[in-house]
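Dear colleague,

I am handing over a structure for you to look through, and I would ask you to keep it open while you read the notes that follow.

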Amino acid sequence: MAKLVDHGDFAVIQRLQAGLFVVAVALSASCSGDTGQPDTVADTAMPRPWATGAAVTAALEATSGDDVFLSYVWDVATDSQGNVLVVDGSEAAIIALNPDLTHNRLIGREGEGPGEFGRPAQVQVLAGDSVLVWDSQLQRITVFPSGAAEPAYVQLLGTQERAISVWRLAGSAGHIARSSTAYMADGSDEGSTRTTVLRHVHEADGRVADQVLFDYPAGEALVQRGEGFVSMAGHPFGRESFAGILAGDRIVHTSSDALEMRILNLGGQVETTLSYETTPIPVTRSELDAAADGLSDAFGQLLRDGAPYVWPALTGMVVDDRDRIWVGIRRADRSTTEWAAFEADGTHQVSVDLPVEVDLYAVRGDRVVGVARDELDVARVVVYRLP
């Protein structure tokens, strides 16, 4: 199933307004520029009000080797045979891996012709294991039949709005496109809330219809402006949002600052609201220092000026092939993340703990596919097997 992730526009590739349980905490340090909360021993026994299903242990099955060079992974999908498809920032093609994560082939190449890409941004596995690739630079969709080197078709989205990411809905329902307002170098957008918009793009009465489904605040970034320029960096403690496609042409959306999910139909109406309370986790001084030291001096100072912070409650979300919604719930001990699977009605089905360094991208059958960085800071694809 498709996953849409908004890390802000500085990455390639979205917070709903106040919900039932919005995570908030009053920290003891109230002045701007505080260096964070004192370091304390983490409490590993946080309440888990959602936990009605089983907790299982996943076994590491495979890790990509040195034959798979990755720099910054933007998206990952897996097909019914266990093959893994990777969109990486260093490659103008889709990297196809075998089920054991050895290198298989490249799908596509750099260019502007059929089967070529300017900047592949998202990959989606369709029925029959055909592969859809969204090119955010050329603003077009390319679909490859299963195992094919050349595309079945190439299609422009056909709208005036520039999309960051696009996914195909089942049947003839069209596509879901995501766009976001840009940062302005002249600062005219300061004081306003930047928004991300999800749109339903489809054919109606012989023409392309572009219908706004809903919008929400965009992912947070660290922003610097100067005369005629604007620069951005990722906010290590900032809000981001996640969305996925469910069966029945429904969309699930959640923000990282609360364990809250909303399911919407193509008319933009909310069908279901899921909400569970989580325990706020303050960012410690050492965590703030480590994050700031990893940025430039200017961005590091911007980060320190905004302290104190609370860690976002969620680290990610994916929808699996059984229509279960998996969310990564942050733990206080920082060593693992609880990945909890919910049915669309909010019923908790199962949870599995994965190392905190693993970013989950796909779950299909009993295989969990993610990306982690090793001790040399090299990105590796990893596959875990659920019991």
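**What was found**

Please bear in mind that this is a predicted model. In the hairpin formed by β6 and β7, which has 5 residues between its strands, Leu101 takes a positive phi near 70 degrees.

Elsewhere you can trace an open sheet of 5 strands, whose order is β2-β27-β26-β25-β24 and whose pairing is mixed. Because β2 (54-56) and β24 (314-319) stand at the edges and each has a single partner strand, one side of each is left without a neighbour in the sheet. From one strand to the next, the twist averages 20 degrees. For β24, the strand to look at is β25 (residues 325-330), which runs antiparallel to β24 and is joined to it by 5 bridges; Leu314, for instance, has Ile329 as its bridge partner in β25.

Finally, please look at the largest cavity, which has a volume of about 90 Å³. Its lining is made up of 14 residues, and those that lie nearest the centre of the cavity are Thr278, Thr279, Ile281, Ala313 and Arg330. When the lining of this cavity is sorted by class, it has 11 nonpolar, 2 polar and 1 charged residues.

With best wishes

Conventions:
Residues are numbered from 1 along each chain as its sequence is written. This is a predicted model: local features need pLDDT of at least 70, side-chain atom pairs count only at pLDDT 80 or more; totals for chains, interfaces and linings use all residues. Side-chain values use heavy atoms; hydrogens and water are left out. On a 1 Å grid over the protein atoms alone, a cavity is a set of points where a 1.4 Å probe fits but cannot get out, and a pocket is an open set with protein on both sides within 12 Å along at least five of seven lines; lining residues have an atom within 4 Å of a point. Grid points are joined across faces, edges and corners, and a volume is the space filled by probe spheres set on the points. Ala, Val, Leu, Ile, Met, Phe, Trp, Tyr, Cys and Pro count as nonpolar, Asp, Glu, Lys and Arg as charged, and the others, Gly among them, as polar. Two strands pair if DSSP finds at least two bridges between them. Helices (H or I, at least four residues) and strands (E, at least two) are DSSP runs, numbered from the N terminus. Axes are lines fitted to C-alpha atoms, for helices over the stretch in contact, and angles run from 0 to 180 degrees between N-to-C directions.
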